[in-house]
Amino acid sequence: MLDIANIQRTLDTRRVGRRIEHLESTTSTNDAAWAQIDLGGADGLVVFAEHQSAGRGRFGRKWESPKGASLLCSVAIVDTSDEISGGELSLLSAVAVRDAIARCSEVVPTIKWPNDLLVLRRKLGGILVESRANGGGGRVYVVGIGINCLQQRGHISPDLIDRATSLELESKQKIDRNELAAAVLAELDGWLADPGGWTYEKLHRDWLLRAEPLGWRVRLQHAGKIHSGSVVDIDPNAALVVQLDEGGIRAFNVADTTVVPDDPSATE
Ligand code: BT5
């Protein structure tokens with residue numbers, strides 16, 4: 001079990017982690033965060049869980065997590081005055097989680113668009129950003145983060161075994177989930193406590209430095225069609241900007257695009 005008192009003791013954040021909830025089991029930490037948002041006053045709320053019965057990824061995909069082995073967490077951000085865009089939140093979440101992992105372990109994951117954390121092409125973690133309009137103006141976001149921590153090979157389901165990994169499998173050091181949890185919150189807070197304190201240019205540069213190098217070949221499914229090309233940039237909506245083989249440059253949005261693996265054993 002995570003030790004929330006221990007996490008709170010080491011935490012020196014201004015926004016993220018103002019309130020922390022810890023559940024032994026839930027359907028999804030994102031659901032638990034949305035339920036709190038409906039009650040009000042949830043900006044900066046963090047929900048951790050040891051187990052999810054219906055953990056989700058993008059487009060209704062499943063997120064697997066054997067009990068107690070992952071870091072499962074959702075952060076609520078109530079942005080009443082549009083200080084931050086959904087695209088920026090998506091980009092900074094990936095940068096923050098990648099930096100937290102690099103800070104607490106000898107593992108340095110690469111960001112794969114839109115929000116995967118990979119180690120040598122195997123998925124170590126994923127991030128799901130959900131949002132709604134806020135009744136009083138602006139938007140509300142839930143940033144759901146799943147990081148595989150203590151999984152041994154036997155904990156990973158057979159269809160994921162060749163494309164998923166964990167910190168335990170990638171590192172000789174012992175993994176301290178409390179330290180990682182505190183680092184994730186601190187890194188997120190570094191961006192979110194003062195959204196006016198950094199520019200999109202900085203975020204863009206930081207994301208590109210941590211992501212797969214530009215020029216990577218990609219196949220994307222969008223509006224029922226497959227497009228292939230080379231990645232040339234990321235834009236402020238966190239859309240992937242691709243030089244298409246069919247000609248032209250086009251931005252593909254996170255919300256309606258999936259990456260189609262060339263190799264069926266690769267990550268989605
Ligand atoms: C993601 O979706 O990668 C976002 C995952 C976010 C999970 C967190 S856990 C806390 C919070 N509460 C939730 O309910 N969700 C968030 P996507 O890009 O759609 O990737 C999903 C795909 O990753 C699946 O279809 C599998 O192929 C693969 N997958 C599932 N579980 C995995 C795991 N534990 N490790 C690596 N890959 C996994």
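**Domains, sheets and buried cores of the predicted model**

At a relative accessibility of 53%, Asp82 counts as exposed, where exposed means over 50% relative accessible area, buried under 20% and partly exposed in between, computed with a 1.4 Å probe on protein chains only. The structure is a predicted model, in which local features need pLDDT of at least 70 and side-chain atom pairs count only at pLDDT 80 or more, whereas totals for chains, interfaces and linings use all residues. Residues are numbered from 1 along each chain as its sequence is written, and side-chain values use heavy atoms, with hydrogens and water left out.

Asp82 is found in the loop between strand S3 and helix H3, helices (H or I, at least four residues) and strands (E, at least two) being DSSP runs numbered from the N terminus. Although Asp82 is not a glycine, it has a positive phi of about 50 degrees. A positive phi of about 50 degrees is also found at Ala223, which is likewise not a glycine. Ala223 lies in the loop between S8 and S9 and is exposed, with a relative accessible area of 72%. A further backbone feature concerns the peptide bond from Trp113 to Pro114, which is cis, with omega near 0 degrees; Pro114 lies in the loop between strand S4 (110-112) and strand S5 (116-119).

The protein is divided into domain 1 (4-210) and domain 2 (217-259), with bounds that come from an automatic or database domain assignment. The centres of domain 1 and domain 2, taken over C-alpha atoms, are separated by 24 Å. Across the boundary, 15 residues of domain 1 are in contact with 17 residues of domain 2, contact meaning heavy atoms within 4.5 Å.

Strand S3 (residues 70-79) is mostly covered, since nine of its 10 residues are buried. Strand S2 (residues 45-49) pairs with S3 in the antiparallel sense over four bridges, two strands being taken to pair if DSSP finds at least two bridges between them. In this pairing, Ala49 stands opposite Leu72 of S3. S3 is also joined to strand S7 (residues 139-148) by 10 bridges, again running antiparallel, and here Ser74 stands opposite Gly144 in S7. Within S3 lies Ile77, which is buried, with a relative accessible area of 0%. Not counting residues up to four places away in sequence, Ile77 touches Arg15, Asp43, Arg139, Val140, Tyr141 and Leu192. The C-alpha atoms of Ile77 and Val108, which are 31 residues apart along the chain, are separated by 27 Å.

Helix H3 (residues 86-104) has 19 residues, which at 1.5 Å a residue should span 27 Å, and the end C-alpha atoms are 27 Å apart, which agrees; the expected span is 1.5 Å times one less than the number of residues. H3 is mostly covered as well, 16 of its 19 residues being buried.

The largest nonpolar core holds 62 residues, of which Phe48 and Ile147 touch the most other members; a nonpolar core is a set of buried Ala, Val, Leu, Ile, Met, Phe, Trp, Tyr and Cys residues joined through side-chain atoms within 4.5 Å. The largest share of this core, 10 residues, comes from H3. Domain 1 (4-210) and domain 2 (217-259) both give residues to this core, so it lies between them. Leaving aside neighbours within four places in sequence, Ile147 is in contact with Ser70, Leu71, Val97, Ile101, Leu124, Gly125, Leu167, Leu180 and Val184. Apart from this core lies another, of 10 residues, among them Ala33, Ile37, Leu45 and Val142.

An open sheet is formed by five strands in the order S11-S10-S9-S8-S12, with antiparallel pairing. The edge strands are strand S11 (249-252) and strand S12 (257-259), each of which pairs on one side only. From one strand to the next, the twist averages 50 degrees, with axes fitted as lines to C-alpha atoms (for helices, over the stretch in contact) and angles running from 0 to 180 degrees between N-to-C directions. Inside this sheet, strand S8 (residues 217-222) and strand S9 (residues 225-234) pair in the antiparallel sense over six bridges, and Gln221 stands opposite Ile226 in S9.
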